[in-house]
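Which ring contacts and strand pairings does this chain hold? A short report follows the display.

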Amino acid sequence: FTGRLSVLNYNLETMTEWKTRFEGEVRGELAGQKFLVDELWDAIPAKEKKSGKDGSKASAEQAGFSDTEINEYTQYVNAKLKVNMVLLLKEIVFKKIKFAEMRTGLDLNNRSAIVSSSMKAYGGAMTSYLQLDMNAPGLGYSLDGTLSGVQTGEFVNAGVDSFFSGWIADLAKDKISGAAEANFWITGKGSNVKAIKQNLVGKVDFKLIDGKLKNWSVLSDGLKALGVNPSGEIPFRQMTGKTRILSQKVYIDELKVTCDDARYNLGSGGWAGFDKDLDSEIQLPIRNDFSPSISSKLGDAGKFAAGQDGWLPVDFDVFGRMASPSFKPNMDRSFKNAGQKLEAEAKKKVEEEGKKATEELKKKGEQLLKGLFGK
């Protein structure tokens, strides 16, 4: 069969969580063989695993479809089926998340699909490119995309309000703002939570410009004690991050914040797992440096702990579980700076004492010579 679909200016305001104002157009073309709608519909029922093999409630990781089931269902998408479609949406809303001027293209051929998308969101733009391979066991996929000028605070808060609650929401909401530039790449396979986490590989690089860290109690409380940033907000010129996803861990290669009076290294070289419903182990080395104007408020402690440039290191390690992390001060850099300064002062004192002894010896020598020669 072959077919063509064209829909113009259609309004849709329902579909459970979706509240979509569809004022664009859909243009699509189909071509294939043996496409039986009733078989396809029966093959993919509404599915939710509510119990395990022993009758107990299944864990979140068991939810979804098995690789075998996915392989069976995707057989109904015949290899000769072709779809080419473009979808234009003026506005789309899901819970608290809103997008505008969304353009999505679908190209299905030989049981492989390419979905490209571009949209405007939160003062910026987002693009993505998704590839699905129905020939791979468990459904293979890869996704890459970019963000440009997106206002991070509004975007993150909308996502948190839509998908999270409890300690996760408290951890993520109202913590950061700034215009984001980012690119990401993710690949893997699987059709249930467990398989997806086991096979997920990717990377995310981002940069935030002219933003704020808000309600970071560990940092803001420490600054308040020094009389700095009493509002609890830490404005920054730039935040940069480079992360990798591998072996059910997010590795933080770089997470730095640059301010006028401080440099924050918020976990470069650390990692966080995602193996147990997001409440996973974390290991984050926090390495901060404060300007001479701040270190001077600590008196002799700040004087000795600061480096040669006058900047003061304040370090600690975060570890344990994400829901209830532990903090341990790390004084290595401070002790090193203090040791070097104390050593330099001791050396200076020895030199001064030696010079003084030399002068005294010289005087005694002169007096001895005068006694010997009567001069």
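## Charges over rings

A charge counts as sitting over a ring if NZ of Lys or CZ of Arg is within 6 Å of the ring centre and within 35 degrees of the ring normal. The model here is predicted. Arginine 263 lies over the face of tryptophan 311. Its distance from the ring centre is 4.0 Å.

Lysine 249 covers the face of tryptophan 271, at 3.8 Å from the ring centre.

## Aromatic pairs

A pair of aromatic rings is described by the distance of the centres and the angle of the planes. Three aromatic pairs turn up in a search of the whole structure. One of them joins tyrosine 264 and phenylalanine 290. The centres are 5.9 Å apart and the planes stand at 80°. Planes over 60 degrees apart count as edge-to-face, so this pair is edge-to-face.

The pair links distant parts of the chain, 26 residues apart. Tyrosine 264 belongs to strand β12 (residues 262-266). Phenylalanine 290 belongs to strand β14 (residues 281-290). Are these two residues buried or exposed? Tyrosine 264 and phenylalanine 290 are both buried.

## Strand pairing

Strand β8 (residues 176-189) runs antiparallel to strand β7 (residues 140-151). The two are joined by 11 bridges. Aspartate 144 stands opposite tryptophan 185 in β8.

β8 also pairs with strand β9 (residues 201-214). That pairing is antiparallel, over 11 bridges. Isoleucine 176 has leucine 213 in β9 as its bridge partner.

Definitions and conventions:
Residues are numbered from 1 along each chain as its sequence is written. This is a predicted model: local features need pLDDT of at least 70, side-chain atom pairs count only at pLDDT 80 or more; totals for chains, interfaces and linings use all residues. Side-chain values use heavy atoms; hydrogens and water are left out. Rings of Phe, Tyr and Trp (its six-membered ring) pair if their centres lie within 6.5 Å; planes under 30 degrees apart count as stacked, over 60 as edge-to-face and the rest as tilted. Helices (H or I, at least four residues) and strands (E, at least two) are DSSP runs, numbered from the N terminus. Buried means under 20% relative accessible area, exposed over 50%, partly exposed in between (1.4 Å probe, protein chains only). Two strands pair if DSSP finds at least two bridges between them.
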